[in-house]
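Dear colleague,

I am handing over the structure that we spoke about, and I would be glad if you could read the notes below with the model open beside them.

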Amino acid sequence: MRLANLAGRAVLVTDAGAIDVEAASDGRFGPDPQSLFDDWAAFAEWSKAVTDASAAASVPFDAARLDAPVPRPRQVFAIGLNYAEHAAEAGYPPDSMPVTFTKFPSSIVGQGALVALPEGHVDWEVELVVVIGREAHQVSRETAWDHVAGLTIGQDLSERITQLQGSAPQFSLGKSFPGFGPTGPWLVTPDEFADRDDLAIACSLSGEVMQSSRTSMMLYDVPELLVRLSAVCPLLPGDIIFSGTPSGIGNRRTPQRFIGPDDVLVSEIEGIGMLTTRFTAGG
Ligand code: ZN
């Protein structure tokens, strides 16, 4: 199942277009995309019948109207240094715990966002984003995936001067300017992937490939992240986890490169699609 947020309304995405969730369910689910996570199991079950039986009810939609598939997560987890090559380029040894911070929820935006660049050095980080569908507290590796509603694409946009200033890094602040959490274009349920643990992940800036890897290269894979995070705090339905970025960020290139006002950032993950973000000066 592919689930999108079309101008604030939950829709199922089919090859033919979109099916409005509230209309198709006679008001049982939706229209608020965030509300679906309150009873994800029932919604997921209902959606199976709908996509098979009534794909004909799909209507074409304008991709420019897509918004964040998970618009108001209560908790946003983000993981640093989760690919060995990126940990090396960032100058940190791999750690015995996933490096964890947050992107404050006000930074979350969707497909086609226009992000006003703050002063400083704004960098890209394509990431697989995990969406929680069932509360996860102290879960095991074996059952971890059962708590996942789906996967989407994220960009952990980062202003490096704010992030790295002072005596301890300010990861959460430096990565939470308005628009710094593009996600989308939609959520894809785990059953849709041939191998949910091994997906090609890449991003390009104005046509130049900057990052290219596979999610199987993560030091802490999706089940392990759920084990480690949920050992400390419950992961709630509708929470999201930015799972870390592969190597190729601008801050560690020679010469360094950062996002400029006319750049277009295209992020891609196998089996999900493409997420495009544009930029403008000021902010
Ligand atoms: Zn990141």
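This is a predicted model: local features need pLDDT of at least 70, side-chain atom pairs count only at pLDDT 80 or more; totals for chains, interfaces and linings use all residues.

To begin with the metal, the zinc ion has as its protein donors Glu125 and Glu127, each through OE, and Asp156 through OD, at distances of 1.9 to 2.1 Å. Along the chain these donors are spaced as E-x1-E-x28-D. Glu125 sits in the loop between strand E9 (122-123) and strand E10 (126-132), while Asp156 sits in the loop between strand E11 (148-155) and strand E12 (158-159), so the pair ties together parts that are 31 residues apart in sequence. Both Glu125 and Asp156 are buried.

Turning to the pockets, the largest pocket has a volume of about 440 Å³, and of the 21 residues that line it, Trp40, Ala44, Lys48, Ala149 and Thr189 are the closest to its centre. Helix H2 (40-53) gives the largest share of this lining, with eight residues, and strand E11, like H2, supplies at least two. Sorted by class, the lining of the largest pocket consists of nine nonpolar, four polar and eight charged residues. Domain 1 (2-66) and domain 2 (68-281) each contribute at least three residues to the lining of the largest pocket.

Thr189 is placed in the loop between strand E13 (181-188) and strand E14 (200-205). With a relative accessible area of 5%, Thr189 counts as buried, because that value falls under the 20% cut-off for the term. The side chain of Thr189 reaches the backbone nitrogen of Met1 at 2.8 Å, and it also makes a polar contact with the side chain of Asp191, at 2.8 Å.

The second largest pocket has a volume of about 200 Å³, and its lining is made up of 18 residues, among which His86, Ala90, Arg160, Gln163 and Phe171 lie nearest its centre. Strand E5 (76-80), helix H3 (84-90) and helix H5 (160-164) each supply at least two residues of this lining, with the largest share, three residues, coming from H5. By class, the lining of the second largest pocket has eight nonpolar, five polar and five charged residues.

With best regards

Conventions: Residues are numbered from 1 along each chain as its sequence is written. Side-chain values use heavy atoms; hydrogens and water are left out. Donors are N, O and S atoms within 2.8 Å of the metal (3.2 Å for Na, K and Ca); water is not among the atoms, so sites may look incomplete. Helices (H or I, at least four residues) and strands (E, at least two) are DSSP runs, numbered from the N terminus. Buried means under 20% relative accessible area, exposed over 50%, partly exposed in between (1.4 Å probe, protein chains only). On a 1 Å grid over the protein atoms alone, a cavity is a set of points where a 1.4 Å probe fits but cannot get out, and a pocket is an open set with protein on both sides within 12 Å along at least five of seven lines; lining residues have an atom within 4 Å of a point. Grid points are joined across faces, edges and corners, and a volume is the space filled by probe spheres set on the points. Ala, Val, Leu, Ile, Met, Phe, Trp, Tyr, Cys and Pro count as nonpolar, Asp, Glu, Lys and Arg as charged, and the others, Gly among them, as polar. Domain bounds come from an automatic or database domain assignment. A polar contact is a pair of N or O atoms within 3.5 Å; within protein, one must be able to donate a hydrogen and the other to accept it, and residues adjacent in sequence count only if both atoms are side-chain atoms.
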